[in-house]
Each structure stands twice: as structure tokens, then as C-alpha cells.
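Please examine the sequence and the structure shown here before reading on.

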Amino acid sequence: MAGIDSYVRVVLLYCVMLAGTLAKAVHDFLPEGNATFSSTVLRRALSSPALVRAVVVSPIVFFSVYNITRSQPDDVVAILLSFQNGFFWQAVLQARRQSE
């Protein structure tokens, strides 16, 4: 993302974080011992209250992501950190609560 305006980078990182949040919701709805992805799993994940909660608190989680990635010169690392923080949004939010 070298040469890309900073606001485009922020939007991209936010979208990647939301993708991580969706991946976590899908992961939570995969049956035990069966890692087969289906449209039913996606439908259940998209309509789950946990995903709604994650989207509602996503600006708070993104504040942590932004603080971590704003000085990160490697864009690939910044993208991976954004996805990871989206996937583990509960832990990020809990750490944020403990620091306040």
C-alpha cells in the first residue's frame, strides 16, 4: 500500500478487521470435527447475535488496531494484524476494558 493515501489504508484495514470478525463467526458455527463450509453455516453466522455485537463494538476494536498499525511500515503485517484482531475481537475488547 506504499503511496496510497492514509485514509484508504485506514478503510482497508477496517474492512480486513471486519473480515476477521466474520471469519470468527463462521468458525464458531462450524460443526465439531467437520470443517466443511456451507451456505447454511454462512447464513447462521451472518444472522448470529455474536456477529451483531462484534460489528457494534468494531470501532472500539479498530482503535486498538489503528494504534498498532499506524506506525507499521510493512503493509502485509498491518493487514494480518487487522485480520487477527478482528478474529479475536473478544480478547481485544477485554484487554481494552482492563486498561481503562
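Tyr66 is partly exposed, at 33% relative accessibility; buried means under 20% relative accessible area, exposed over 50%, and partly exposed in between (1.4 Å probe, protein chains only). The model is predicted, so local features need pLDDT of at least 70, side-chain atom pairs count only at pLDDT 80 or more, and totals for chains, interfaces and linings use all residues. Residues are numbered from 1 along each chain as its sequence is written, and side-chain values use heavy atoms, with hydrogens and water left out.

**Accessibility of the partners**
- Phe62 is buried, with a relative accessible area of 10%.
- Tyr14 is partly exposed, at 25%.

**Ring pairs**
- Three aromatic pairs are found in a search of the whole structure; rings of Phe, Tyr and Trp (its six-membered ring) pair if their centres lie within 6.5 Å, and planes under 30 degrees apart count as stacked, over 60 as edge-to-face and the rest as tilted.
- One of them joins Tyr14 and Phe62 edge-to-face, at 5.2 Å centre to centre and 85 degrees between the planes.
- This pair links distant parts of the chain, 48 residues apart, with Tyr14 in helix α1 (residues 6-29) and Phe62 in helix α3 (residues 49-69); helices (H or I, at least four residues) are DSSP runs, numbered from the N terminus.
- Phe62 and Tyr66 form a tilted pair, because their planes lie at 40 degrees, with the ring centres 6.4 Å apart.
- Phe62 and Tyr66 are four residues apart in helix α3, a separation of about one helical turn.

**Cluster**
- Tyr14, Phe62 and Tyr66 are linked into a cluster by ring pairs.

Notes. Helices (H or I, at least four residues) and strands (E, at least two) are DSSP runs, numbered from the N terminus.
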